[in-house]
Amino acid sequence: QKWRKEWLDGSRPERQLRRVKQLTDRAEMLYGPLEEAQLEGLRASVAVSVFKAELSYRESLRRHQDTLQTLHQLQGTSLTEAQARAAVHAWLARSINSPDAVYRQQLETITQENCHALAALHNSSTAAQRLKAIETLKDYQADAQALMTGQR
């Protein structure tokens with residue numbers, strides 16, 4: 001319900017504003033405060049994006065249903081260990097690579113759009129923003145290393 005409210009409800013401009021806000025928040029986690037020209041670039045990328053929330057919602061529902069069906073299959077029958085392992089592997093494969101060709105195409109296109117938008121944002125970043133990004137990435141690296149060694 002929360003996802004539907006944020007991504008499906010409201011007018012197209014309202015939904016685009018929410019997407020820009022989300023992108024801005026994420027970019028500012030890495031780079032710090034963005035300049036107006038950078039924000040305009042994010043707004044422009046959202047305005048031309050092929051993102052269709054309805055497809056993403058449909059895929060989310062498909063994944064939820066698939067998960068429930070797989071869990072019921074594992075719970076309700078006397079599968080061998082090999083059969084259970086195969087069922088889980090098939091479920092994971094469907095989670096990573098949707099059987100819905102339309103959704104897969106949207107995901108591929110959006111991935112390319114995001115790469116272009118983020119490259120443009122990075123290319124427009126100031127020296128201070130790039131230093132902030134380096135610091136942030138070093139912090140992420142330290143966190144990952146600590147998690148791998150169990151230190152934090």
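Before any numbers, a word on what the angles mean: each axis is a line fitted to C-alpha atoms, for helices over the stretch in contact, and the angle runs from 0 to 180 degrees between N-to-C directions. And keep in mind that this is a predicted model.

So, helix H4, residues 53-76, and helix H5, residues 81-96: their axes lie 10 Å apart, at an angle of about 180°. Anything over 145 counts as roughly antiparallel, and therefore that's what H4 and H5 are to each other. On the H4 side, the contact uses Arg 62, Arg 63, Asp 66, Thr 67, Thr 70, Gln 73 and Leu 74, and they meet Ala 84, Ala 87, Val 88, Trp 91, Arg 94 and Ser 95 of H5. By class, that's 5 nonpolar, 4 polar and 4 charged residues.

Now the other pair. H2 is residues 12-31 and H3 is residues 36-48; here the angle is about 130° and the axes are 9 Å apart. That makes the two oblique, and H2 passes H3 in a right-handed crossing. Who's touching whom? From H2 we've got Arg 12, Gln 16, Arg 19, Val 20, Leu 23 and Thr 24, up against Leu 39, Leu 42, Arg 43, Val 46 and Ala 47 in H3. That contact splits into 6 nonpolar, 2 polar and 3 charged residues.

How values were computed
Residues numbered from 1 in each chain as written. Predicted model: local features only at pLDDT ≥ 70, side-chain atom pairs only at ≥ 80, totals over all residues. Heavy atoms only, no water. Helix = DSSP H or I, 4+ residues; strand = E, 2+ residues; numbered from the N terminus. Parallel < 35°, antiparallel > 145°, perpendicular 65-115°, else oblique. Left-handed = near helix turned anticlockwise from the far one by under 90°. Contact = heavy atoms within 4.5 Å. Nonpolar A, V, L, I, M, F, W, Y, C, P; charged D, E, K, R; others polar.
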